[in-house]
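This report concerns strand pairing and nonpolar packing.

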Amino acid sequence: MAGRCARVLQAVDTEFTADSVEWCPLEGCRHLLACGTYQLRRPDAASGSKGGLEVEEPHVRLGRLYLYSFNEDNSTSSLAEVQRRDTAAILDMKWCHIPVAGSALLGLADASGSIQLLRLGVSEKSSSLLQPVSSVILEEQCLALSLDWSTGKSGRASDQPLKIISSNSKGQLHFLKVNESGPGLQHVASWQAHHFEAWIAAFNYWQTEVVYSGGDDGLLKGWDTRMPAVSILTSNRHSMGVCSIQSSPHREHILATGSYDEHVLLWDTRSMKQPWADVPVQGGVWRLKWHPFHHHLLLVACMHSGFRILSCQKTTGGMELALLEAGSGGHGIPHAAQLTGIWGRLVLAPRPFPAAYSLLLLSSQRSGSQTGRLGLWPKACKYITSNLPSSYGR
């Protein structure tokens with residue numbers, strides 16, 4: 001059944017490689033989509049000489065943040081750009097799951113080694129705009145690779161502090177708190193977590209003192225932020241770099257991880273010696289996202305092989321993962337695409353498609369040219385609807 005249910009609705013040229021995308025999760029703002037991009041600019045020629053040797057300028061990592069608005073009444077151009085901001089290259093980006101001081105907040109991890117906060121406001125023309133409110137440089141001469149908010153589970157206690165965990169290219173984790181009245185960022189702690197790049201950091205949404213990290217050393221680690229220098233968990237169950245982790249916001253004790261080894265693992269956080277389930281997905285797992293409404297559905301954005309939709313179901317022995325849907329070149333996305341996926345969380349009428357199953361994928365495409373050289377295809381933001389059978393929602 002793979003490839004039968006999804007179709008491309010719209011392609012938007014983002015100029016730079018689109019590598020992060022997030023629908024705003026808050027009521028009244030769910031029609032808004034943030035898209036982050038990354039591009040490495042190589043110097044055209046040597047910039048000078050030193051001691052008779054030519055010296056090249058360092059590569060520059062360029063980025064751009066887009067804000068789009070979804071309009072279901074416009075069938076030919078559903079996504080309309082409302083804002084763009086040039087930035088350092090964006091490696092990761094996530095909305096806070098709750099309003100902060102009455103506004104939506106977007107967090108960015110960028111190539112300058114910084115975490116930025118942007119607040120969603122309204123312009124004089126009554127359109128939505130993202131405005132920077134706070135930033136902190138985590139580490140010089142490195143890339144901020146990921147971030148996560150502590151607010152993933154609904155029902156956050158009013159006295160619970162608002163927290164961010166981030167990772168960088170030096171293998172470090174950075175623990176931040178957010179002053180909600182500002183809002184502003186406060187650095188709390190940093191520690192060395194991995195020998196190489198720490199690709200991903202994520203909260204346990206049910207016990208937010210605990211965070212997880214994945215690195216290019218192939219290790220999945222767990223940490224207690226109250227004593228962050230000592231890991232409480234180390235697993236080498238993945239055979240290559242761990243680059244995606246997400247705690248289930250719906251079911252306690254469930255954690256999904258993905259790796260360059262092309263496997264998705266499902267864990268019971270109470271016993272991490274062996275995973276509950278192991279599913280090969282035929283592509284390095286760049287991002288994992290649990291469905292916002294259907295608690296058992298997990299979206300997998302794969303490198304080189306499109307996307308997968310997995311079903312997480314209870315069994316007598318625990319939990320299992322099953323492949324429900326796979327999409328690749330049949331949707332205009334070539335096998336060479338590196339994808340980032342996010343379930344759409346829109347409040348829409350039933351037409352033109354069921355909102356609960358909308359999803360968005362970003363692709364940067366490369367393909368061999370007729371001369372056999374690698375050519376860079378135009379980057380595009382692919383808005384895809386997956387009209388899944390009704391049994392998927394059970």
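## Pairing of β18 with its neighbours

In this predicted model, G222 stands opposite L233 of β19. The two strands β18 and β19 pair in the antiparallel sense through four bridges, and they form a hairpin in which six residues lie between them.

Strand β18, residues 220–224, also pairs with strand β17, residues 210–215; this pairing is antiparallel and extends over five bridges. Within it, W223 of β18 is the bridge partner of V211.

## The four-stranded sheet

These pairings belong to an open sheet of four strands, ordered β16-β17-β18-β19, with antiparallel pairing. Strands β16 (198–203) and β19 (231–235) form the edges, each pairing on one side only. From one strand to the next, the twist averages 20°. In general, the strands of a sheet pair through backbone hydrogen bonds, in either a parallel or an antiparallel manner.

## The largest nonpolar core

The largest nonpolar core contains 17 residues, of which I115, W149, I164 and L185 touch the most other members. At least two residues of this core come from each of β9 (105–110), β10 (114–122), β12 (144–149), β13 (162–168) and β14 (172–179). Strand β12 supplies the largest share, namely three residues.

When neighbours within four places in sequence are left aside, I164 is in contact with L117, L147, D148, W149, H174, F175, L176, V178, L185 and F203. Among these contacts, W149 and L185 are also named with I164 among the core residues that touch the most other members.

Technical notes
Residues are numbered from 1 along each chain as its sequence is written. This is a predicted model: local features need pLDDT of at least 70, side-chain atom pairs count only at pLDDT 80 or more; totals for chains, interfaces and linings use all residues. Side-chain values use heavy atoms; hydrogens and water are left out. A nonpolar core is a set of buried Ala, Val, Leu, Ile, Met, Phe, Trp, Tyr and Cys residues joined through side-chain atoms within 4.5 Å. Buried means under 20% relative accessible area, exposed over 50%, partly exposed in between (1.4 Å probe, protein chains only). Contact means heavy atoms within 4.5 Å. Two strands pair if DSSP finds at least two bridges between them. Axes are lines fitted to C-alpha atoms, for helices over the stretch in contact, and angles run from 0 to 180 degrees between N-to-C directions.
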